[in-house]
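Q: Hey, could you walk me through this model? I'd like to go piece by piece.

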Amino acid sequence: MSVLVTGGTGTLGFHLLNSMTQSKGDLISFSPGPGKDYRSLSHVNYEFGDLLDFGSISEVIKKYQPKEIYHIASQSNVGVSHHKPFETLNTNIMGTQNLLEAIRR
């Protein structure tokens with residue numbers, strides 16, 4: 001069994017992955033890259049890619065075939081959402097759509 005956490009290099013993702021043990025199986029973090037407060041965990045497999053790139057998330061789903069997915073990747077900064085509403089909607093909605101479509105396939 002494996003568990004996928006999107007946004008795993010963010011603050012919430014770090015704490016979520018840190019609280020999980022390997023008894024859950026392979027733990028996978030999927031993020032665009034290391035976050036600003038990035039701390040790697042030895043029991044986590046880090047995959048870097050963009051949810052807006054369907055091929056990127058699709059490959060991770062295909063490779064690990066996760067049985068549990070925690071989708072916490074988003075653009076969640078309110079200030080940024082006001083200045084960049086299109087990018088925020090694109091990331092949050094289309095990124096989620098790509099994840100769901102990759103799972104469906």
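A: Happy to! One term before we start: two strands pair if DSSP finds at least two bridges between them. With that in hand, Val-5 stands opposite Ser-29 in E2. Keep in mind that this is a predicted model.

Q: Which residue in E2 is the bridge partner of Val-3?

A: For Val-3, the partner in E2 is Leu-27.

Q: And how many bridges join E1 to E2?

A: Five bridges link strand E1 (residues 2-6) with strand E2 (residues 26-31), and the two run parallel.

Q: Zooming out, what is the order of the strands in the sheet?

A: The order is E3-E2-E1-E4, four strands in an open sheet with parallel pairing. Strand E3 (44-48) and strand E4 (68-71) are the edge strands, each pairing on one side only. On average, neighbouring strands in this sheet are turned by 20 degrees against each other, ignoring direction.

Q: Nice. Which strands does helix H1 lie across?

A: Helix H1 (residues 11-19) lies across E1, E2, E3 and E4, and runs at about 165 degrees to E1.

Q: What about H2, where does that helix lie?

A: Helix H2 (residues 54-64) also lies across E1, E2, E3 and E4, at about 175 degrees to E2.

Q: At what angle do H2 and H4 pack?

A: The angle is about 40 degrees, and the axes of H2 and helix H4 (residues 85-104) are 9 Å apart. That angle makes H2 oblique to H4. The crossing of H2 past H4 is right-handed.

Q: Which residues of H2 meet H4?

A: From H2 there are Phe-54, Ile-57, Ser-58 and Ile-61, which meet Asn-98, Leu-99, Glu-101, Ala-102 and Ile-103 in H4. By class, this contact of H2 with H4 has six nonpolar, two polar and one charged residues.

Q: Staying on H2, is Lys-62 buried or exposed?

A: Lys-62, which sits in helix H2, is exposed because its relative accessible area is 60% and the cut-off for exposed is over 50%.

Q: New topic: where is Gln-65 found?

A: Gln-65 is in the loop between H2 and E4. This residue has a positive phi of about 45 degrees although it is not a glycine.

Q: Why does Gln-65 count as exposed?

A: Because its relative accessibility is 53%, and exposed means over 50%.

Q: Last one. In which loop does Pro-32 lie?

A: Pro-32 lies in the loop between E2 and E3. With 71% relative accessibility, Pro-32 counts as exposed.

Q: What does Pro-32 touch?

A: Leaving out residues up to four places away in sequence, Pro-32 touches Phe-48 and Gly-49. Pro-32 and Leu-51 are 7.8 Å apart in space, C-alpha to C-alpha, and 19 residues apart in sequence.

Technical notes
Residues numbered from 1 in each chain as written. Predicted model: local features only at pLDDT ≥ 70, side-chain atom pairs only at ≥ 80, totals over all residues. Heavy atoms only, no water. Axes fitted to C-alpha atoms, helices over the stretch in contact; angles between N-to-C directions. Contact = heavy atoms within 4.5 Å. Parallel < 35°, antiparallel > 145°, perpendicular 65-115°, else oblique. Left-handed = near helix turned anticlockwise from the far one by under 90°. Nonpolar A, V, L, I, M, F, W, Y, C, P; charged D, E, K, R; others polar. Buried < 20%, exposed > 50% of the residue type's maximum accessible area, 1.4 Å probe, protein only.
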